[in-house]
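Welcome! Keep the structure open beside you and work through the exercises below, trying each task before you read its solution.

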Amino acid sequence: MSLTVWLLANPQWGGDVAAIVVIPINVAAVLVPLMMTYGAREARNDPDNRTRMRRLKIALAFTSAALLVVSLVYWFSREEDPHDYLSGVLRVGVLKESYPGWNNVPLTVTEKLRAGRADGTLFGRLEHGGEVRAVCYRRPTHRLSLTVLSPEQTDGLAAHLADLGLPLTGVTAVDGTATAFAEAWRRHAGVAPVHGQPVRLYRLGTLTPPEPVPAGRGRVAEARDRAQVIRWCSEFVAAVGEAPSMDADTWAASRYAEKHYTFRETPDGTPASMAGSTSMIAGMVRVDPVYTPAHLRGRGYASAVAVEVSRAALTAGATDVVLFADPANATSNALYQRIGYVPIADFASYEFSDDAP
């Protein structure tokens with residue numbers, strides 16, 4: 001029978017410690033006895049020297065053995081290498097080839113990990129028969145995100161996390177998976193799930209520029225545009241009710257700071273709309289956010305800038321260009337479909353309350 005197990009890790013800097021501390025110690029533990037033995041050859045005819053050298057060899061042998069045991073214990077209990085976790089995420093993507101783009105958020109979160117910005121995120125992967133079937137991660141906010149799971153797998157994960165005593169403030173996943181986990185968490189942790197904001201995932205099919213195109217041009221944001229980008233991202237966060245709120249003081253730590261931005265400008269060079277995008281990871285780019293100030297909406301600027309960013313992603317070699325939208329916002333959903341985006345999945349979120357019924 002194949003084994004199904006959830007492996008959890010907080011991959012930060014374990015591999016670096018192994019390279020910097022443990023391995024050199026073991027190398028030294030092997031080389032020192034060899035050097036001592038070589039240096040003592042001329043003293044072998046002296047009985048007293050032979051006795052001292054024998055005792056020294058025994059002491060060094062015990063020291064080497066102890067260091068080796070410590071190294072092995074460390075090696076097998078060390079925090080997981082982020083590249084191994086990324087490999088797991090990519091393998092899940094291969095297993096779900098019929099759902100391209102579904103793993104776009106795990107990929108971007110893992111890329112932050114690879115760059116040394118894991119910020120206390122707890123990662124996990126589900127292995128069955130030696131194959132990675134799913135991944136999850138819990139951010140420092142204690143919100144859990146999951147790839148697609150069966151009801152049995154969500155129940156197993158909920159039981160595992162509850163047994164470990166890991167607190168959760170909520171869960172986000174594809175609709176069926178999120179609902180199954182929320183109910184499983186109610187059973188195992190005794191907390192009540194409260195339905196949160198759903199989102200719809202779109203994937204770009206055939207890019208179709210809008211007609212007519214509003215007058216003006218697209219321009220990639222530069223360093224001089226930082227204040228404008230921060231202000232519009234802050235307005236976007238407030239408009240969609242995203243928590244926590246964001247301003248210039250919290251910008252650097254926000255999920256928006258590492259994105260690339262493009263403006264759609266009017267003919268006189270005034271920014272009229274803005275779209276952001278992630279760096280390309282495993283052939284995937286996510287467009288986020290798309291924002292137009294209220295007084296400039298309805299003139300085609302949002303669709304024009306979304307096309308600009310999407311075209312740039314394709315030109316850079318992206319095979320999957322995706323974005324999220326509020327399914328209740330008929331305007332944005334119609335806009336994305338007009339320019340070639342196709343809905344592929346609905347995601348649900350739940351908040352967890354200690355006031356269980």
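A residue is called buried when its relative accessible area is under 20%, exposed when it is over 50%, and partly exposed in between (1.4 Å probe, protein chains only). This is a predicted model, in which local features need pLDDT of at least 70 and side-chain atom pairs count only at pLDDT 80 or more, while totals for chains, interfaces and linings use all residues. Residues are numbered from 1 along each chain as its sequence is written, and side-chain values use heavy atoms, with hydrogens and water left out.

**Exercise 1. Check the span of a helix**

Solution. Just after α6 comes Gly-190, which takes a positive phi of about 70°.

**Exercise 2. Find the covered face of α6**

Task: Which residues of α6 are buried, and what covers them?

Solution. First, pick out the buried residues: Thr-177, Ala-178, Phe-181, Ala-182, Ala-184 and Trp-185. Then look for contacts, meaning heavy atoms within 4.5 Å. The cover includes β4 (143-146), α5 (151-164), β5 (170-174), β6 (192-195) and β13 (341-353).

**Exercise 3. Classify aromatic pairs**

Task: Which kind of pair do Phe-181 and Trp-185 form, and which kind do Phe-236 and Tyr-256 form?

Solution. Begin with the rule: rings of Phe, Tyr and Trp (its six-membered ring) pair if their centres lie within 6.5 Å; planes under 30 degrees apart count as stacked, over 60 as edge-to-face and the rest as tilted. By this rule the structure has 11 aromatic pairs. For Phe-181 and Trp-185, the ring centres are 5.9 Å apart and the planes meet at 15°, so this pair is stacked. Both residues sit in helix α6, 4 residues apart, about one turn of the helix. Together with Phe-352, Phe-181 and Trp-185 form one aromatic cluster.

Now turn to Phe-236 and Tyr-256: with 6.4 Å from centre to centre and 75° between the planes, this pair is edge-to-face. It links distant parts of the chain, since Phe-236 lies in helix α7 (residues 226-240) and Tyr-256 in the loop between α7 and β9 (260-265), 20 residues apart. Phe-236 and Tyr-256 are both buried.

**Exercise 4. Follow a strand and its partners**

Task: How many bridges join β10 to β9, and how many join β10 to β11?

Solution. Two strands pair if DSSP finds at least two bridges between them. Between β9 and β10 there are 6 bridges, and the strands run antiparallel. In this pairing, Arg-264 stands opposite Ser-273 in β10. The two strands form a hairpin with 5 residues between them, and Gly-269 in the turn has a positive phi of about 90°.

On to strand β11 (residues 284-291): 3 bridges join it to β10, again antiparallel. Here Met-274 stands opposite Tyr-291 in β11.

**Exercise 5. Compare salt bridges**

Task: Are the partners in the salt bridge of Glu-265 and Arg-219 buried or exposed?

Solution. A salt bridge is a side-chain nitrogen of Lys or Arg within 4 Å of a carboxyl oxygen of Asp or Glu. The structure holds 15 of them. In the one between Glu-265 and Arg-219, the closest N and O atoms are 2.6 Å apart. Glu-265 is in strand β9 and Arg-219 in strand β8 (residues 217-220), 46 residues apart. Glu-265 counts as buried because its relative accessibility is 2%, and Arg-219 counts as buried at 8%.

For contrast, take Arg-224 and Glu-222, whose side chains meet in a salt bridge at 2.8 Å, N to O. Arg-224 is exposed, at 61%, whereas Glu-222 is partly exposed, at 43%. Salt bridges with shared partners join Arg-217, Arg-219, Glu-222, Arg-224, Asp-225 and Glu-265 into one network.
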